[in-house]
Amino acid sequence: MSALRLTVMVQLVAALVAAPASSEPLANDGAGRALYVQYCGACHGETGEGRGHLESILSVQPVDLTRLKKARGADYSLESLLRSIDGRGPFPGHTDSEMPVWGEVFLKDPSAPTADQIQAAGKLLLITYYVDSLQKD
Ligand code: HEC
């Protein structure tokens with residue numbers, strides 16, 4: 001990841017974290033869900049629990065995205081979730097599995113204009129917040 005892209009990402013995360021507590025939760029905003037359904041639903045299912053229509057042809061079963069917090073315990077954080085989704089994840093198996101590396105899907109060219117980088121980072125963050133909102137205790 002280029003320094004610029006990282007900087008943009010960090011600034012976006014900071015802006016989102018600093019959002020007023022009284023505002024609607026970002027994760028429930030339709031954009032996060034719409035992006036999730038578009039890019040993730042085929043494998044992880046509408047609810048995140050699996051059973052997407054592509055699941056039967058995958059050799060590795062997609063994880064239940066509603067149980068990540070429970071499975072990871074103290075290692076679960078928004079940042080670790082974002083890293084799993086964009087392909088920098090600390091969790092094993094991710095990059096050589098059938099799970100697409102979303103950081104590359106959304107932004108193939110690291111020298112792309114800043115506006116494109118912001119859009120890619122925004123999509124990743126909206127999806128990350130949405131998946132975070134799916135977590136069950
Ligand atoms: C082509 C099928 C496919 C699609 C589409 C897909 N995934 Fe996955 N995903 C998988 C599989 C298979 C695994 C389990 C194997 C693994 O962890 O690498 C997985 C694992 C994960 C994990 C756990 C990874 C880890 O590091 O433990 C997360 C988080 C995740 N997916 C989120 C998403 C999100 C968010 C999207 C949409 C942006 C998405 N996935 C789209 C197949 C898919």
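1. Y36 is buried, at 0% relative accessibility. Buried here means under 20% relative accessible area, exposed over 50%, and partly exposed in between, with a 1.4 Å probe and protein chains only. This is a predicted model: local features need pLDDT of at least 70, side-chain atom pairs count only at pLDDT 80 or more, and totals for chains, interfaces and linings use all residues. Residues are numbered from 1 along each chain as its sequence is written, and side-chain values use heavy atoms, with hydrogens and water left out.

2. What does Y36 form with Y130? The two form a tilted aromatic pair, 5.5 Å centre to centre with 45° between the planes. Rings of Phe, Tyr and Trp (its six-membered ring) pair if their centres lie within 6.5 Å; planes under 30 degrees apart count as stacked, over 60 as edge-to-face and the rest as tilted. The structure holds 1 aromatic pair. Y36 lies in helix α2 and Y130 in helix α7, so the pair ties together parts 94 residues apart in sequence. Helices are DSSP runs (H or I, at least four residues), numbered from the N terminus. Y130 is also buried, with a relative accessible area of 8%.

3. The pair's two helices also meet. The axes of α2 (residues 30-39) and α7 (residues 114-133) come within 8 Å and cross at roughly 95°. Axes are lines fitted to C-alpha atoms, for helices over the stretch in contact, and angles run from 0 to 180 degrees between N-to-C directions. That makes α2 roughly perpendicular to α7. Angles of 65 to 115 degrees count as roughly perpendicular, under 35 as roughly parallel, over 145 as roughly antiparallel, and the rest as oblique.

4. Who makes the contact (heavy atoms within 4.5 Å)? From α2 come A31, G32, R33, L35, Y36 and Y39; from α7 come K123, L126, I127, Y130 and V131. The contact residues divide into 8 nonpolar, 1 polar and 2 charged. Ala, Val, Leu, Ile, Met, Phe, Trp, Tyr, Cys and Pro count as nonpolar; Asp, Glu, Lys and Arg as charged; the others, Gly among them, as polar.

5. Check the length of α7. Its 20 residues should span 28 Å at 1.5 Å a residue, and its end C-alpha atoms are 28 Å apart, which agrees. The expected span is 1.5 Å times one less than the number of residues.

6. Buried residues of α7 include Q117, A120, L124 and T128. L124 has a relative accessible area of 1%. L124 and W102 are 22 residues apart in sequence and 7.7 Å apart in space, C-alpha to C-alpha.

7. S80 sits in helix α5 (residues 78-86). S80 counts as buried at 8% relative accessibility. S80 and T128 are 48 residues apart in sequence and 9.7 Å apart in space, C-alpha to C-alpha.

Key
Contact means heavy atoms within 4.5 Å.
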